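The sequence and structure come first.

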Amino acid sequence: MAPNTPAGRPGTLTADEEEKLRQLWAVTMKVFGVGTTLEEASGVDSAVSAPVSEASDNDGKKEKKKSRLSVFKRSKGDKGADAETIASGARTSTDIHSISLPADDDKFGQNQEYKAALANTPPEELRQAFWAMVKHDHPDALLLRFLRARKWNVEKALVMMVSTMHWRLKDMHVDDDIVLNGELGAVEQAGGSDAKVKKNAQDFLTQLRMGKSYLHGLDNEGRPMCFVRARLHKAGDQTEESLEKFTVFTIETARMLLRPPIDTATVVFDLTDFSMANMDYTPVKFMIKCFEANYPESLGTVLVYKAPWVFNAVWSIVRGWLDPIVASKVHFAKNIDELQKYVPRSQIPADCGGDEKWQYAYPEPIAGENDRMKDVATKQSLLAQRKSIVERYETTVLDWVRTGREGQGADGRRQERDAVAEELRQNYWQADPYVRARSLYDRMGVIGDGGKVDFYPQARKENAKPAANTSADDLD
């Protein structure tokens with residue numbers, strides 16, 4: 001496993017990168033309607049394009065900082081900061097609505113989603129979507145994903161992030177459906193009377209049962225792997241909606257396996273026995289949008305294994321759709337020896353020619369496995385705790401924004417934010433059984449209590465069992 005945290009993450013930021021993060025937090029708080037004062041930060045490099053906020057009352061006097069922030073609710077009179085300064089040389093902007101991507105840099109229509117989010121979605125809903133996406137991550141780490149993906153351009157990162165929240169809320173319903181209802185919810189829907197809902201649920205479960213893709217093992221860098229068995233896919237065998245849901249469900253579940261300093265995953269496309277009958281460009285485009293637009297900086301590497309010659313034509317098309325940085329992460333392995341350059345042979349499944357004896361077998365959802373989600377009292381208590389922790393985190397962010405780069409006690413403020421982020425992480429895993437439906441990886445024991453990850457829980461149990469002829473005395 002990689003011993004050190006990569007660059008551009010919490011704890012490894014340069015002074016300029018930390019300034020970019022501070023500026024993105026400032027304008028993010030503006031979008032979320034948090035706080036009434038964001039004083040113009042000191043030490044802003046005039047050559048850096050980044051948003052910094054400053055609010056004033058009608059007399060031009062700076063307002064006093066609120067002693068307490070409203071995290072999930074706002075009073076009708078609280079409009080957040082009144083003005084915002086975008087420092088980029090001589091250019092300034094007074095309205096977050098004026099921020100947009102250049103037309104030639106809007107590959108996925110994120111300008112439209114960004115503007116739709118600002119116009120039609122209450123700030124508190126966007127804020128809820130953000131904190132729901134954070135889950136067990138460090139909040140700074142989530143913002144930094146968008147900054148790195150946009151080459152540290154703060155305005156582009158903001159558009160990307162807000163459009164992602166809009167996508168999660170309005171398009172995919174990630175946290176209020178896919179994560180909340182999960183597989184057991186699909187089983188219940190598959191037995192319902194609504195034909196469309198029933199078909200989508202059945203197709204979603206069919207893909208899980210066949211193991212079209214599954215999460216298992218670690219590559220040479222310690223990254224969790226997702227194996228995609230392309231030979232199991234045929235266009236038209238499932239609805240497009242169920243395939244998209246299956247894709248997002250897999251990505252969201254993979255996020256449960258990430259632990260610092262590892263924050264990316266490896267995708268292995270197993271093209272054994274692949275033919276053009278398995279090729280389907282629609283889900284490929286959806287996966288590209290997911291990784292480039294909605295889950296930025298989540299791919300460590302993509303391994304294409306045993307690609308037949310007919311795949312050359314496919315790759316020439318797909319490569320043209322990929323961002324050059326994403327395309328550079330794609331590697332081809334013709335045989336097991338080439339695959340070993342990226343994945344230990346012990347982690348390569350036997351059906352790919354490796355030494356891993358583990359085989360995918362889908363454990364069906366169990367009635368009652370999500371009963372803790374019905375414990376409303378405990379759930380509300382844990383979410384109330386999270387609300388309080390989020391509030392404290394946002395307070396530390398606002399203080400950091402106000403003091404600016406040259407503010408006193410910068411190191412202490414970072415440590416304070418990190419300490420609150422750790423409280424958020426611990427709170428998430430306490431609340432996890434109450435907000436996330438159990439998945440096959442929970443039933444397998446891969447994801448354990450408190451978020452512990454173990455790809456071989458059954459093997460450990462078997463190794464821990466005493467032999468039949470072993471007495472208790474022998475174990476002492």
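Q426 is part of helix 14, which spans residues 410-435; helices here are DSSP runs (H or I, at least four residues), numbered from the N terminus. The model is predicted, so local features need pLDDT of at least 70 and side-chain atom pairs pLDDT 80 or more, while totals for chains, interfaces and linings use all residues. Residues are numbered from 1 along each chain as its sequence is written, and side-chain values use heavy atoms, without hydrogens and water.

Q426 counts as partly exposed because its relative accessibility is 43%, between the limits for buried (under 20%) and exposed (over 50%), with a 1.4 Å probe and protein chains only. Its C-alpha atom lies 7.5 Å from that of H136, 290 residues away along the chain.

A pocket is an open set of points on a 1 Å grid over the protein atoms alone, where a 1.4 Å probe fits, with protein on both sides within 12 Å along at least five of seven lines; lining residues have an atom within 4 Å of a point. A volume is the space filled by probe spheres set on the points.

| Pocket | Volume | Helix with the largest share of the lining |
|---|---|---|
| Largest | about 700 Å³ | helix 3, five residues |

Among the 21 residues lining the largest pocket, Q128, A132, D175, L383 and V435 lie nearest its centre. Helix 14 is one of the helices that each supply at least two residues of this lining.
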